Amino acid sequence: MIGIIGAMKVELEALKARLQDVTVTRISGVDFYSGKLHGTDVVAAVSGVGKVFSAVCAQTMVLKFGVKAIINTGVAGGLSPNLKLGEVAIASQVCQHDMDTSGVGDPKGLISGINKVFIDADPLWVAKAEKAAQKLGIHTETGVIASGDQFVCDTDRKAWIRDFFRAEAVEMEGAAIGQVCFVNEIPFVVIRSISDDASGHAPVSYESFFKEAAQRAVALTEEMLKEA
Ligand code: SAH
């Protein structure tokens, strides 16, 4: 079974409508929709926004549904000049830009315990995402996606995240899902369509564009599963 997580309802609506033989299970306030999507067994859920909700959702998929991989689909702020609105960032790695124990001598972004700043997404799922995007004619950039509990809409913060972590895009869940997958030894990938540029204009751009961007990411996720 493959897990599919969107932080917000709009990020999963289209996909949920196409699930067949659906069973809904409510756990920790989240509805898990299990069923078949293009012949593949999946469980899809709207986790809620931010690292805590998305981690709870991912861990539940592992423990209660025995998922063998997790796809995180949704929208993000673009950091790379090569990503325009609607285009897609695919994570080869994720990191947490708001994880900071540098006060006790650690590198910024270090996740103590596992002692990593970057967690690798699964190369096979990354390749599947790239192939699906090519088929749909969607431009993608594969690289680091940075997550944190912050809607980034500030040029200085944006520049810092881009420069320090070499990140292509910034959002609020992917790296939490990645960390859960890492400790459970489960492959994952994060696919994010650009809704805004994480600058001072981001709130306006996000409001007018997030629905369209979310649909783009979910279309790509579906295309990947057709190949699965
Ligand atoms: N209260 C709002 C919060 C949305 S936050 C709501 O529930 O609808 C923005 C969402 O889009 C997050 O899930 C995040 O992953 C993503 N996102 C898009 N642009 C972003 C940006 N510039 N910075 C951080 N996250 C962003």
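How many nonpolar, polar and charged residues does the shell around the ligand have?

A: The shell around the ligand has 11 nonpolar, 3 polar and 4 charged residues. Here Ala, Val, Leu, Ile, Met, Phe, Trp, Tyr, Cys and Pro count as nonpolar, Asp, Glu, Lys and Arg as charged, and the others, Gly among them, as polar. The model is predicted, with pLDDT of at least 70 needed for local features and 80 or more for side-chain atom pairs, while totals for chains, interfaces and linings use all residues. Residues are numbered from 1 along each chain as its sequence is written, and side-chain values use heavy atoms, with hydrogens and water left out.

Of the 18 residues around the ligand, Val152, Met172, Glu173, Arg192 and Asp196 come nearest; a residue is near if one of its heavy atoms lies within 4 Å. Three of these residues can be described by polar contacts, that is, pairs of N or O atoms within 3.5 Å. A polar side-chain atom of Asp196 is 2.7 Å from a ligand nitrogen atom, and a polar backbone atom of Val152 lies 2.9 Å from a nitrogen atom of the ligand. For Arg192, an N or O atom in the side chain is 3.2 Å from a ligand oxygen atom. The protein covers 76% of the 570 Å² of accessible area that the ligand has on its own, by the Shrake-Rupley method with a 1.4 Å probe.

Strand E5 (69-78), strand E9 (167-171) and strand E10 (188-196) are the elements that give two or more residues to this shell; strands are DSSP runs of at least two residues, numbered from the N terminus.

Technical notes. Polar contact = N/O pair within 3.5 Å; in protein donor to acceptor, adjacent residues only side chain to side chain. Helix = DSSP H or I, 4+ residues; strand = E, 2+ residues; numbered from the N terminus.
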